[in-house]
Amino acid sequence: MKLNKTGAAESSPKPAGHFCPGLGHLAVGLCFSIIWSSAFVAGKIVVTEMGPFAGLFYRFVGTVAVLAVLCGKRLWGPQWRQALGAGILLGLLNNVLYLGLSFSALGLVAAPWVIVIVSCSPFVTLLLGVARGLESFSTAKLLGFCLSLAGIVLMVGLHNLKGGAALGVLLAAGATVAFSVGALLFRKRYSALPVLPVNFWMSVCAMVCFAPAAWLNPVTPLALSLPALLALAWLAVVSLVGMALWLLLIRTQGASTAAAYNMLNPISGLALSALLLGAPILPIELAGSAAIVAGLGVALGVRPQTR
């Protein structure tokens, strides 16, 4: 046990054990998955008219504007220096590297490749967490992740996993590692900081990093169609609410458990595509969805209640 600057006892984070979430925690994870996966639908609309990096810049401009109003004086509270440092580091990992590499990978390989690789984040988070003493190894969690990953591969189709460019695969893998490292870093160092100010500085960091791309891009939000403009506005909401839920999940359930909810993204994306775009749902997609849910049930330790 260490003493902080005020002389109070400060305990180091303990490894997360086999966490069994309640309905409230599961609801937060489900909301995160729905909001996070909706960004793929909205992002596809924006990218076709503006390109990936300029779209990311304007996305975070909107996020910064809203968060500045929500945070107000809290941005300059007692922990503002810590929040600023955390925001810059986590912004580089979760907003710049993760989103930048993921969007770049989508331009080189088919989307199913990126979905499968990014869905490996629970494995990477668990292994890195065990190595750093932040997560405890669980056979049930590992088996559950494997079952969910098999369901994801079943959903996207093995025929879609052929002939990917090596660079695109490496970019997607780099995005996955950056996302996992960011989760563990928040868990270890910054979980006690207020979420909204940290998210504000994360968004500022991303806005600054993507600003050159927007400066060089002749397309501005004023030139977008109404659907693309609405999609861009929604992406700002995703960065605001989705990231806040993500940090909350890490704080309350641990890094690897929080990462596990990313495996629900293909199901959320499928449901949103069917609801918003009228896309049909195939039997093999239902089978894959069932495997994902079953795997997460095993990994998260969800047990049916008995009377």
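Me: What relative accessible area does Ala213 have?
Reply: This is a predicted model, where local features need pLDDT of at least 70, side-chain atom pairs count only at pLDDT 80 or more, and totals for chains, interfaces and linings use all residues. Residues are numbered from 1 along each chain as its sequence is written, and side-chain values use heavy atoms, leaving out hydrogens and water. Buried means under 20% relative accessible area, exposed means over 50%, and partly exposed is in between, with a 1.4 Å probe and protein chains only. Ala213 counts as partly exposed because its relative accessible area is 26%.

Me: Which residues does Ala213 touch, leaving out those up to four places away in sequence?
Reply: Ala213 sits in helix H8, residues 195-216; helices here are DSSP runs of H or I with at least four residues, strands are runs of E with at least two, and both are numbered from the N terminus. Contact means heavy atoms within 4.5 Å. Beyond those sequence neighbours, Ala213 touches Phe53 and Ala54.

Me: What is the overall order of strands and helices in the protein chain?
Reply: The chain has 12 helices and two strands. Read along the sequence, the pattern is β-β-α-α-α-α-α-α-α-α-α-α-α-α.

Me: How do H1 and H9 run relative to each other?
Reply: Two packed helices are described by the angle between their axes and the distance between the axes. Axes are lines fitted to C-alpha atoms, for helices over the stretch in contact, and angles run from 0 to 180 degrees between N-to-C directions. The axes of H1 (residues 23-50) and H9 come within 8 Å and cross at roughly 150°. Angles under 35 degrees count as roughly parallel, over 145 as roughly antiparallel, 65 to 115 as roughly perpendicular and the rest as oblique, so H1 and H9 are roughly antiparallel.

Me: What is the handedness of the H1 and H9 crossing?
Reply: A crossing is left-handed if the near helix is turned anticlockwise from the far one by less than a right angle, and right-handed if clockwise. The crossing of H1 and H9 is left-handed.

Me: How many charged residues are there in the contact of H2 with H9?
Reply: H2 (residues 52-71) and H9 (residues 226-253) pack at about 55°, with axes 8 Å apart, which makes H2 oblique to H9. The contact includes Gly55, Tyr58 and Arg59 of H2 and Leu232 and Leu235 of H9. Ala, Val, Leu, Ile, Met, Phe, Trp, Tyr, Cys and Pro count as nonpolar, Asp, Glu, Lys and Arg as charged, and the others, Gly among them, as polar. By class the contact has 10 nonpolar residues, four polar ones, and, for charged, one.

Me: Is Thr63 buried or exposed?
Reply: Thr63 lies in H2, and its partners include Ala236, Ser239 and Leu240. Because its relative accessible area is 1%, Thr63 is buried.

Me: Which residues of H2 meet H1?
Reply: H1 and H2 pack at about 120°, with their axes 8 Å apart, so H1 is oblique to H2. From H1, Val46, Val47 and Met50 take part, and they meet Pro52, Ala54, Gly55 and Tyr58.
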